[in-house]
Amino acid sequence: MPLVLPPRLTASARTIRDRALRRGLRTVQLPDREVPEGLRGGDAYLHAGPSFADAVAPALDIAPLEAPADWLTTLPATFVRREIRAVPIREAYGLRRPVFVKSPNDKGIPALVYADGSRLPGPDAVGPETVVLVSDVVVFDAEYRLYLLDGQVHTGSRYAVSGQLHLAPLSAEARAFGSELLAAAGHTLPSAIVVDVGRTDAGQWAVVEANAAWASGCYASDPDRALDVVLRAAGPAALLTERDRPFVRWSLPLHRVSGRKPSAAPPRGARPPAPRRPSPGPGRPAARQRCPP
């Protein structure tokens, strides 16, 4: 089965591609968002950014997994160390203090610290009901990427120090915090996901955000083990397990997930882009490094 890739590849994506080839997988780098007839409805995997995945996953019958949009807001305070809310952007416009704001599971709203709500993209750029994640500003001294698979920390690495890119192996402390998180909240995540964690300037460990493994850069993680997570996180819909069904990104063809025709309403458990309750994340601090696909 092929691993499908977007037209432009980051260094991380090239590494994942090369590891897939060494594993015996065929790789297909699409020149645009048109899926060739020979790939349509077949068995394939995907490694790409959210907008590209939304364009091609339905035709490929791929089931991309992601965390619930409001996942961070559901975690106990001991795992996040800050207030995080999911709110319509029209509500965030009224904030009059510095806050970190971003889109829940894509890059529609730039992930930044905003001086106040008036600095957010305006109504001419985004709909008033667009949900954003809003969090207190937290400074992380060090940040780590964890690739999680079947309730275990499968691989990972450090990727930032004081907000600046700085790669290093995964520390024992970061791995231990990831294991503690999985023990308490692993059931709230798909079986294959990336979670970023960090040590704050107060010396406390906290979750930074969750990312779709199929759209994440591996930094200094073991690329073979990162590939394991990518393949589970965006594979054929026919292989989707009951446990992962609630975490499928909403763009998946509905007949492949539920047996309904594509014109049917979304099945129970297939989540739309907005969280289920109005109330941010990937809330990250200032100078936070984005993960390239």
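**Close-up views of a predicted model**

Glu 83 has a relative accessible area of 42% and so counts as partly exposed. The model shown here and in the views below is predicted.

**View 1. Glu 83 in its loop.** This view shows Glu 83, whose loop runs between helix H4 (77-80) and strand E5 (84-88). Leaving out residues up to four places away in sequence, Glu 83 touches Arg 97, Val 134, Ser 135 and Asp 136. Val 134 is 51 residues from Glu 83 in sequence, yet their C-alpha atoms are 8.3 Å apart in space.

**View 2. The whole chain, for orientation.** The protein chain has 8 helices and 14 strands. It contains 293 residues, and 54% of them count as buried. Its accessible surface comes to about 12,400 Å². Carbon and sulfur atoms account for 52% of that surface.

**View 3. The largest nonpolar core.** The largest nonpolar core is made of 38 residues. Within this core, Leu 30 and Leu 46 have the most contacts. At least two core residues come from each of these elements: strand E1 (2-5), helix H1 (11-22), strand E3 (45-46), helix H2 (50-60), strand E9 (140-149), strand E12 (192-200) and helix H7 (223-233). Which element supplies the largest share of this core? Helix H2 does, with 6 residues. Another core lies apart from this one and has 25 residues, including Ile 84, Leu 170, Ala 185 and Val 197. In soluble globular proteins, nonpolar side chains tend to be buried together.

**View 4. The surroundings of Leu 30.** Setting aside neighbours within four places in sequence, the residues in contact with Leu 30 are Val 4, Leu 5, Pro 6, Pro 7, Val 35, Pro 36, Leu 39, Phe 52 and Val 56.

**View 5. Helices H1 and H7.** The axes of H1 and H7 come within 9 Å and cross at roughly 90°. The two helices are therefore roughly perpendicular to each other. On the H1 side, the contact is made by Thr 15, Ile 16, Arg 19 and Ala 20. On the H7 side, Pro 223, Asp 224, Ala 226 and Leu 227 take part. Sorted by class, the contact has 5 nonpolar, 1 polar and 2 charged residues.

**View 6. Ser 12 in helix H1.** Ser 12 has its place in helix H1. Is Ser 12 buried or exposed? Ser 12 counts as buried because its relative accessibility is 12%, and the limit for buried is under 20%. Apart from neighbours within four places in sequence, Ser 12 is in contact with Ser 216, Gly 217 and Cys 218.

**View 7. Two residues with positive phi.** Most residues other than glycine have a negative phi. Asp 150 is not a glycine, but has a positive phi of about 50°. Its place is in the loop between E9 and strand E10 (152-161). Asp 150 counts as partly exposed because its relative accessibility is 46%. Tyr 219 also has a positive phi, near 50°. Tyr 219 is in the loop between strand E13 (205-211) and H7. With a relative accessibility of 19%, Tyr 219 counts as buried.

**View 8. His 166 in strand E11.** His 166 lies in strand E11, which covers residues 164-169. Not counting residues up to four places away in sequence, His 166 touches Arg 158, Tyr 159, Ala 160 and Val 161. His 166 is partly exposed, its relative accessible area being 42%. Where is Tyr 219 in relation to His 166? The two are 53 residues apart in sequence and 9.4 Å apart in space, C-alpha to C-alpha.

**View 9. Asp 141 in strand E9.** The place of Asp 141 is in strand E9. A relative accessible area of 28% makes Asp 141 partly exposed. Beyond residues up to four places away in sequence, Asp 141 touches Ala 160, Val 161, Ser 162, Arg 199, Thr 200 and Asp 201. Of these, Thr 200 is 59 residues away from Asp 141 in sequence, with a distance of 5.4 Å in space from C-alpha to C-alpha.

Terms used: Residues numbered from 1 in each chain as written. Predicted model: local features only at pLDDT ≥ 70, side-chain atom pairs only at ≥ 80, totals over all residues. Heavy atoms only, no water. Core = buried A, V, L, I, M, F, W, Y, C linked by side-chain atoms within 4.5 Å. Buried < 20%, exposed > 50% of the residue type's maximum accessible area, 1.4 Å probe, protein only. Helix = DSSP H or I, 4+ residues; strand = E, 2+ residues; numbered from the N terminus. Contact = heavy atoms within 4.5 Å. Areas by Shrake-Rupley, 256 points an atom, 1.4 Å probe, with all protein chains shown as cover. Axes fitted to C-alpha atoms, helices over the stretch in contact; angles between N-to-C directions. Parallel < 35°, antiparallel > 145°, perpendicular 65-115°, else oblique. Nonpolar A, V, L, I, M, F, W, Y, C, P; charged D, E, K, R; others polar.
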